[in-house]
Amino acid sequence: MANESVNYQCPACGGPLHFSSAEQKLACDYCDSRFEVAEVEALYRERQAKADAKADAAPAPAQAASPSEAEVLGMNAGYICSSCGAELISDGTVAVSTCPYCGNPAVAPGQLSGSFSPDLVIPFKLERKDALSALQEHYKGKILLPKSFISGNHIDEVQGVYVPFWLYGAHVDGEVHFDAENHRVTEYSDRTVTTINHYDAYRKGNMSFERVPVDGSTKMPDGHMDAIEPFDYSSLRPFSVAYMPGFIANRYDEDSSICRDRAEKRMEGSLISAFRQTVSSYNTASLMSQNLDYNWEDADYALFPVWMLSTSWNGKNYLFAMNGQTGRMVGELPCSKPKLALATLIFFIVAFVVTRFACMGSNAFNPAYFDFDLEGILINIVIPLVIAAIADLFLVGQLKTVVEATNADSYCGQFDLTDESDTFIRTETRVEMKQQKK
């Protein structure tokens, strides 16, 4: 038999409660009462504990292999709304939802207890209307965005979700070797000689990281979750279910050992970048080898507030995410091909004119100087095309704000360089013969 949920109801009138992000209190829309989080938490603590204990003690259906804890919860995902008696079904990762029959927030028993009990939470600060306003602002300034998308896309769903995150801390020691190059160019009448001196740039140092976030839900796209960072950790609170009513809350379905790889890659990116900045007296420096040692701290399990918005346009779905604390909005937008073609043409013409004046001065448009030898092709075609392509990439980049994080710069302490040495390896010489113009 399915276990009963714990529904957070108004102590004054019995109506459903929801957490008001604007007031940071639990509110009842029926009698307009307001309650402090601690007050409601104390009221429902014993009831929630009993429901969790009953769910944790429930036997799992027999199967050939011993199920994991996550699989057991998935098998016992059905529960009964304690307000109206309706049977609610989830996929085993939804910890808090709203009963579709009576409207009461329903906390699934056992989903936020035991090892699934979060350590910390950042409460929602922004409301649904803020998410809708932020989406409209997200459209502004995007030159290549189709005009019909702004007026014709349909918002299918707006949900406030507490997303599970693992927060990792580590002290990282590292040793790296860079192939550092110094270039010297000598011009002769018939040739150009480039001399390249190679050095082995050795660096040793360390850096500490604190609370690097990685989302622990397979439902949430990693790029969206990374791109809405950072969260303001000054708002972290000890976890309480009382912050959940009115929102969806997911528990993790990827444990800390699985998600740690992504945190490690981000820490690696920041540390290697810090090492690279110390190799500053060379023209180029490429990484040859690295040896990093991680001393991990215990990961914290936290729930962070995220507004998820789903829209549809021209038969395609578009997903947006907004940081429910800071308001940062990200999401992929479509590109208008006619606008892109027109922008490319304009950029090419402007770049062509500027390049001609820069190279030819007052003879920029003198027919006698319109040569199409190697130099002419470079000035008249290649350089304008490159400039137009760079401008296009910038405009297209405005539409692509979903990017997975490759570093953890916002979560690192001071970099400590403990040893360095530069050793000459070899000299390389390159000769390029010049073409003689008649």
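**Entry 1: cores**

I began with the largest nonpolar core, which has 73 residues, and noted that Tyr162, Met244 and Phe320 touch the most other members. I take a nonpolar core as a set of buried Ala, Val, Leu, Ile, Met, Phe, Trp, Tyr and Cys residues joined through side-chain atoms within 4.5 Å. Buried means under 20% relative accessible area, exposed means over 50%, and partly exposed lies in between, with a 1.4 Å probe and protein chains only. Strand β11 gives the most to this core, with nine residues. Apart from this core lies another, of 19 residues, among them Phe165, Met220, Met225 and Ala321.

I then looked up Met244. Leaving out residues up to four places away in sequence, Met244 touches Val96, Val121, Tyr162, Phe239, Ala249 and Leu303; a contact here means heavy atoms within 4.5 Å.

**Entry 2: basis of the model and totals**

I record that this is a predicted model, in which local features need pLDDT of at least 70 and side-chain atom pairs count only at pLDDT 80 or more, while totals for chains, interfaces and linings use all residues. Residues are numbered from 1 along each chain as its sequence is written, and side-chain values use heavy atoms, with hydrogens and water left out.

I counted eight helices and 19 strands in the protein. These are DSSP runs numbered from the N terminus: helices are H or I of at least four residues, and strands are E of at least two. Of the 438 residues, 43% count as buried. Among contacts between residues at least 6 apart in sequence, 77% join residues at least 24 apart. The accessible surface comes to about 22400 Å², of which 53% belongs to carbon and sulfur atoms; the areas come from the Shrake-Rupley method with a 1.4 Å probe, and for residues only the protein chains shown count as cover.

**Entry 3: β11, β12 and β19**

I asked how β12 pairs with β11 and β19. Strands β11 and β12 are antiparallel, with 22 bridges, and they form a hairpin with three residues between them. Two strands pair if DSSP finds at least two bridges between them. Val172 has Met207 of β12 as its bridge partner. On pairing with β19, I found that β12 is again antiparallel, over 16 bridges, and that Thr194 stands opposite Arg430 in β19. Since 20 of the 25 residues of β12 are buried, this strand is largely enclosed by the rest of the structure.

**Entry 4: helix α6**

I checked the length of helix α6, residues 256-277. Its 22 residues should span 32 Å at 1.5 Å a residue, and the end C-alpha atoms are 31 Å apart, which agrees. The expected span is 1.5 Å times one less than the number of residues. The buried residues of α6 include Cys259, Arg262, Ala263, Arg266 and Met267. Among the elements that cover the buried residues of α6 are β11, β12, α5, β15 and β19.

Is His224 buried or exposed? I found His224 in helix α5, and its relative accessibility of 9% makes it count as buried. Beyond four places in sequence, His224 touches Leu319, Phe320, Ala321, Val330, Gly331 and Val402.

I followed Ala321 to its bridge partner, Val330 in β18. Strands β17 and β18 (residues 329-331) pair antiparallel over three bridges. Their hairpin has five residues between the strands, and Gly327 takes a positive phi near 90°. On pairing with β16 (residues 300-313), β17 (residues 316-323) is antiparallel over eight bridges. Trp307 has Met322 of β17 as its bridge partner. The hairpin of β16 and β17 has two residues between the strands, with Asn314 in the turn at a positive phi of about 55°.

I noted an open sheet of three strands in the order β3-β4-β5, with antiparallel pairing. The edge strands, each pairing on one side only, are β3 (17-20) and β5 (34-35). Two bridges join β4 (residues 25-28) to β5, and Ala27 stands opposite Arg34 in β5.

Which side chains does the side chain of Glu23 meet in polar contacts? Glu23 lies in the loop between β3 and β4 and, at 38% relative accessibility, counts as partly exposed. Its side chain makes a polar contact with the side chain of Ser20 at 3.3 Å and with that of Arg34 at 2.8 Å. A polar contact is a pair of N or O atoms within 3.5 Å; within protein, one must be able to donate a hydrogen and the other to accept it, and residues adjacent in sequence count only if both atoms are side-chain atoms.
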